[in-house]
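This report describes how parts of one protein chain are arranged and which side chains link them. Please look at the sequence and the structure before reading on.

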Amino acid sequence: MNKLRVVTWNAEGMFDEHVGTIRANDHDGIAVIKELDADIVVIPEFGEHGAMPEHVRVTMNYLGYEIATVPYDPDPSYYHTKDQHYPYELAIFTRLTLLSSTALRLGGVRNALDVTCRDAAGKKLRIIGVHLDDNSEAMRLKQAEDLVMAVGKMACPTLVMGDFNAMRSRSQSARIARNRLLHSVVGRAPHDLIRSIASRAHEMASGTTIDYMVSRSQLHDLDPGHHLTISGKQHGVEWIPSIRLAKVDWIFGSHHFKTRAYKVWRDVGSDHRPVRAELEY
């Protein structure tokens, strides 16, 4: 039985001084990666595409990681705001031998990253890192359809992980976020960003994207405890308490994987907490 430690962590642009969280920087991000000590790390919102600081690259290589990245390449006809036009990239760090790296276009609006690796025993593994749309559940569902089709029959152990911006429909946090009275009250908040967060959370709570992933693919959720992963404390509303409110960061795996341990890390400067799973396959 082989062991694998994996992490998904939306770093909220922590590795880019020009955008994202103001509560941490690339040096903090490096410290977190060291602490997590994973074999595979998926980082949505890593930073600006092609602008990885050289000391980050050197340090990751020193820690034994090969690096694959893909630009989001957002469709400007769909994403209209300046922030969503920002040239983010998604990064995957791997201590396994990196064999290939391919962009996956999901929903026609944003790229995901599909990598194939080989472990020390010579076994191939496939890891797909994703960051689904944060505006519309309809678009997330379309992206999930593309994702399930891309995953296919999974000839080798396969992980699909990242920020899905989606809750499971029957979770308590989703039921609360769907509450019409609460949605109406928060929707009258004087702060534009608070209203935007509440509106997006209301859609994320519908659950159709995650339900589709579970029912239409051969992947299963590797989190046995349905751990909450995200708070409202983000860029622009740093005064919000750092209390975990919902699960939108997911690690799905093929039937090859069993979970030995699953942990959500403390607040390290992003609205998303790092999520680490220790797996057997």
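Arg5 is partly exposed, with a relative accessible area of 22%. The model that gives this value is predicted. The side chain of Arg5 meets that of Asp37 in a salt bridge, with 3.6 Å from N to O. Arg5 lies in strand 1 and Asp37 in the loop between helix 1 (26-36) and strand 2, so the pair ties together parts that are 32 residues apart in sequence. Asp37 is partly exposed too, at a relative accessible area of 36%.

**Salt bridges**

| Pair | N to O distance | Relative accessible areas |
|---|---|---|
| Asp37 and Arg5 | 3.6 Å | Asp37 36%, Arg5 22% |
| Glu35 and Arg266 | 2.8 Å | Glu35 35%, Arg266 44% |
| Glu278 and Arg260 | 3.5 Å | Glu278 18%, Arg260 41% |

Glu35 and Arg266 form a salt bridge through their side chains. Glu35 belongs to helix 1, whereas Arg266 sits in the loop between strand 11 and strand 12 (275-280), so this pair ties together parts that are 231 residues apart in sequence. Glu35 is partly exposed, and Arg266 is partly exposed as well.

A salt bridge also links Glu278 with Arg260. Since Glu278 is in strand 12 and Arg260 in strand 11, the parts tied together here are 18 residues apart in sequence. Is Glu278 buried or exposed? Glu278 is buried, because its relative accessible area of 18% falls under the 20% limit for that class. Arg260, at 41%, is partly exposed. Through shared partners, salt bridges join Arg5, Asp37, Arg95, Arg260, Arg276, Glu278 and Glu280 into one network.

**The sheet**

Several of these residues lie in strands, so the sheet comes next. Strands of a sheet pair through backbone hydrogen bonds, and the pairing can be parallel or antiparallel. In this model, 6 strands form an open sheet with mixed pairing, in the order 3-4-2-1-12-11. Which strands stand at the edges? They are strand 3 (66-71) and strand 11 (258-264); each has a single partner strand, so one side of each is left without a neighbour in the sheet. On average, neighbouring strands of this sheet are turned by 20 degrees against each other, direction ignored.

Strand 1 (residues 3-8) and strand 2 (residues 40-48) run parallel and are joined by 3 bridges. Val7 has Val41 of strand 2 as its bridge partner. Strand 2 and strand 4 run antiparallel, joined by 6 bridges, and Gly47 stands opposite Glu89 in strand 4. Strand 3 pairs with strand 4 in the antiparallel sense, over 6 bridges; Val70 stands opposite Leu90 in strand 4.

How many residues of strand 4 (residues 88-94) are buried? The count is 7 of its 7 residues. In a regular strand the side chains alternate between the two faces of the sheet. Both faces of strand 4 are covered, with Tyr88, Leu90, Ile92 and Thr94 buried on one side and Glu89, Ala91 and Phe93 buried on the other.

**Two helices in contact**

Helix 1 and helix 2 (residues 54-62) have axes that come within 10 Å and cross at roughly 10 degrees. That makes helix 1 roughly parallel to helix 2, because angles under 35 degrees count as roughly parallel. Helix 1 makes the contact with Asp26, His27, Ile30, Ile33 and Lys34, and helix 2 with His55, Val56, Thr59 and Met60. By class, this contact has 4 nonpolar, 3 polar and 2 charged residues.

Terms used:
Residues are numbered from 1 along each chain as its sequence is written. This is a predicted model: local features need pLDDT of at least 70, side-chain atom pairs count only at pLDDT 80 or more; totals for chains, interfaces and linings use all residues. Side-chain values use heavy atoms; hydrogens and water are left out. Two strands pair if DSSP finds at least two bridges between them. Helices (H or I, at least four residues) and strands (E, at least two) are DSSP runs, numbered from the N terminus. Axes are lines fitted to C-alpha atoms, for helices over the stretch in contact, and angles run from 0 to 180 degrees between N-to-C directions. A salt bridge is a side-chain nitrogen of Lys or Arg within 4 Å of a carboxyl oxygen of Asp or Glu. Buried means under 20% relative accessible area, exposed over 50%, partly exposed in between (1.4 Å probe, protein chains only). Angles under 35 degrees count as roughly parallel, over 145 as roughly antiparallel, 65 to 115 as roughly perpendicular and the rest as oblique. Contact means heavy atoms within 4.5 Å. Ala, Val, Leu, Ile, Met, Phe, Trp, Tyr, Cys and Pro count as nonpolar, Asp, Glu, Lys and Arg as charged, and the others, Gly among them, as polar.
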